[in-house]
Each structure stands twice: as structure tokens, then as C-alpha cells.
Amino acid sequence: MEILYTPFLLLFIIVSLLFLLRVLLFKTGLIYITKKWWRSIEDCFHVYQFFKVPEFNESMQENQLYHKVSIYLSSLASMEDSDYTNLFTGKKSNDIILHLDPNQVIDDYFLGARVSWINDDKSDTTCCRTLVLKVRRADKRRILRPYLQHIHITSDEVEQKKKGLKLYINIGSHEQNRRWRSVPFNHPSTFDTIVMDSDLKNKLKSDLESFLKTKQYYHRLGRAWKRSYLLYGPSGTGKSSFVAAMANFIGYDVYGIDLSRVLDDSDLKTLLLQTTSKSVILIEDLDRFLMDKSTGVSLSGVLNFMDGILNACCAEERIMVFTMNGKDHVDPAILRPGRIDVHIHFPLCDFAAFKTLANSYLGVKDHKLFPQVEEIFLTGASLSPAEIGELMLANRNSPSRALKSVITALQTDGDGRGSLNIRRQWTDNSSRKSTEDSGEHSGVFSKEGVHAMKDFRKLYGLLRFKSNKTSESFDMTPDRKDGQSYGS
Ligand SMILES: Nc1ncnc2c1ncn2[C@@H]1O[C@H](COP(=O)(O)OP(=O)(O)OP(=O)(O)O)[C@@H](O)[C@H]1O
Ligand SMILES: [Mg+2]
């Protein structure tokens, strides 16, 4: 019997010992001592090469690589594993930044190889700090260059995320040296807060995302990596808010060019040359400036500006946005493909947009007054999202009162006598006419008329598609959901 038990007893003893060893290693921290020993043994069998990255060069100029490596190291999860790490608050109050303490080592893994960074900070004896990269000789040839490239890319990404966005405004031309003044760009608008057809919104988001990913593609075609958008529609329909949402979405700074402050064509070119990459360059109300001639810039100046970004040395990673109330009276040369890649129409509110606004502003998904509102929309009355938003904001404590005030405003507008209507006439004369003509202003339909109107839209969409084909630019209007009409 005793013989029978012996193997089980042995197994039991081994398992218990292993369990105890595990507890001993992990609970007491012996595991770290073991790892250190193992590492020293392993080190004896490898030849290492060291690369120093000093903070300053011989002329005491800052070494950008040191800065990039520091940012990169701070982003590594293994930073938390080093014996001593300094903790600092970042720019935002809830940010914590980790910095390696002098003479501390952290490991990093790249393409299957382990490398180490040592903070060789002898600030008490010498003037500058140095980060030392330790790489196995056997891995050096394979990983060193791609690893440094990886550090560049990662640190740029980290910095881009950390730095808040900026809004640049062109200042008077008399201050020749400083053409742009920047302020922090904290616009709260995002694609979630913009009320627009959800299919269109998703298409625009993926258009932007694919732009960001296609640097190589653009270069292969020999084209500058840039994209131009035209946002057109009546006042208060969200064009400016959309630009802010775009900038927030892709993390680009915004350069807003105030054409009234631009002296002449060459002044406009100078402004463009002083913009930086990863930026949205915005010209608002371009149609108005061209019609009123209230700027020193000529049409050919604007055309050169739009083309200039193609040819200029610093044309990379730019998004150009132009806003207009209507594009009917704009010289077709401005709208030609290459100058404008995507046309986006911003219509007045329809019932669907109204419901989205009611949900966001009043927290109301349904209401007994909704059918009445819908009926008024069907008579052709409409207001801009800005006008409806203001009425809802003013009465946000009482949804019924808010909806009644919207109904009254819509009725006034529907009769064509209201102040809102009159107010809009000088801002969206042409654009509203064109949207109504084209059926894009959905409020004009009666319920029976919707199908007929849809057929008309399909036909209209196809016609537009054909004309887009020739022009090779997107024309994005919210009513064209079938995708056919998005020419490319
Ligand atoms: N589509 C929309 N979605 C959400 N909010 C909107 C929308 N349109 C307008 N608004 C609200 O109305 C206000 C004015 O909008 P915005 O300035 O973007 O309009 P705009 O089209 O640029 O007008 P303008 O042509 O007069 O410059 C914004 O503060 C925003 O809150
Ligand atoms: Mg605007």
C-alpha cells in the first residue's frame, strides 16, 4: 500500500513546492532579483553597442532627437517599471508625465529585439544630459534605422495629441513680419453635435480619414497631399461649426483668412506660405467677397491661391475650406475639380433635423406638438438650425413653450411675412432659391408628393452625377443617400 502512495506523495510534494516557490517569488519580489541575475548572465553572452543622444550639440544647440526620444520614452508602458521614475503634471491638470530618473534603465522591444535606454544624467559633473541606447550588435543592422524612424513617428503623434489646437488669424498687413496671430482653438463643435444627414456625415468622416491615410498614394500620383472642400448653404446652417468639427476630428490647426485684411494677391500668397502643415486653411464667405469686391484680392489671386497650394513648397498636409451662402453666382473656375474636391450643401432644417435639434436642446424625443411641426414643415416653411436652436435654447426649461415658439416662427416664415424670412432674404437669396428648385429643401413636399419628389431627386441626382463625372469632384448633398450620385 505504501508503495502505491509514493508516486502520489511525490507529485503532491513537487506541486506544493512549486506553489510555495511561486508565492515566494511573486509575493516577496524575489522574481525581480531573479530576473536581474538572469539578465546579467544573458548579457555575458552578448556584445552590445551604445548610442549616445546628448541634449545639446557641440555648438550648444538643442538636439531635437533628445527631445523626441524623451517624449517617446515617456509614452512607454515600461517606464512605470523602472526603479525610479519622476512624475510631473502635464499641460492639462489631470495629465501625469513620467520621466526617467538619472541612471535608470528601461527596456523597449522592437521587431522582436530588446533594446535598453539609460538616462545617463551627470548633471552634477557635466553640462548636459544624455540618453544612451543599448542595442545588441547582432540586432543593430536589422533594427537601428527603423527603430529611430519609429521613435520619430511615435513622438510626433504623441506631441500632436498633447498640443492643443490653435486658431490662426491674419493680422494687418502693416505688421509685415508676423502675419498670423494664434489663439487656443477650443471650439466645442464635433461631428456628434453637428445636425446633418447621418449618411452624409459618415461619408465625410471617412473621406477625411482616408485623406489622412493616403500620403503615399497622393505622392505616387505626383500630387500634393491636400484636399479642398466647399461648404455652401444659407446662413446659420452650420458651415462654420462644421469646419470646427472637422479640425477637432483630424486634430489640425485652423488658419482663418479674413479677406478684408488681405492687401492684394501677393499678400494672400505670403499668408499661404506662412501656414504650417497639418492645418485647415479657411476662407469664409468667399462668394460675398468676390461679389462685393470688398477685398484687395482679385479673382485670379484667389485662383492662384487655390492652385498655389498645389505648387508651393509647403503644400503638404493641408485641407482648404471655402464657405459660401450660394455657389450660383460664383465663377465656375473657382469650383473646378482640383480647386474644389468636395462640395457639401448645408440646407435649412427639415423635420428630421428639427427632431434631432429638439432631442439635443430639449432632451425631447417625441412630443404631442411634433405632428403640428411636421405639418408646417410640409407646407414649405423652414428655419435654419441656428434660428431653431436659439428658440429652443431660450425656452429650454419648458419644451412645450420652446416648440410653440418654433411653430410660431415657422408660421411667420411660412407666410413669407416674418422677420426671419426677411432677414434671410439678403443672406441666402440665391442659395435658398437653388435648393428649393432642386428639391433639396425637403420642407416643400406634401406627403403624397414625397415619392414623386424622390423620383425627381433620383433623376436630378443622376444628372448631377453625370455633370460631376465631368468635373470629377464630390457634390455631397444630404438627400442623395444611394451613393450613386457621389461622383469621384
Ligand atoms: N447643422 C447644425 N448642427 C448643429 N448646430 C447648428 C447647425 N447649424 C447651425 N447650428 C448652430 O447655429 C449656430 C450658427 O451656426 P454656424 O455659424 O455654424 O452657421 P453658418 O452656416 O456658418 O452661418 P453663416 O453663413 O452666417 O456664417 C452655431 O452656434 C450652432 O450651434
Ligand atoms: Mg459661418
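Helices (H or I, at least four residues) and strands (E, at least two) are DSSP runs numbered from the N terminus. This is a predicted model, in which local features need pLDDT of at least 70 and side-chain atom pairs count only at pLDDT 80 or more, while totals for chains, interfaces and linings use all residues. Residues are numbered from 1 along each chain as its sequence is written, and chains are lettered from A and ligands numbered from 1 in the order in which they are written.

The buried set in helix 7 runs Lys239, Ser241, Phe242, Val243, Ala244, Ala245, Met246 and Ala247; buried takes 20 or more other C-beta atoms within 10 Å of the residue's own, exposed 12 or fewer, and partly exposed falls in between, with C-beta atoms placed from the backbone. Just past the helix, Gly251 adopts a positive phi of about 70 degrees.

Helix 7 (239-250) also turns up around ligand 1: this helix and helix 14 (385-394) each give the shell at least two residues. Of the 16 residues there, Ser235, Gly238, Ser240, Pro385 and Ala386 come nearest, where near means a C-beta atom, placed from the backbone, within 6 Å.

Lys278 sits in the loop between helix 8 (265-273) and strand 11, and is partly exposed, with 17 other C-beta atoms within 10 Å.
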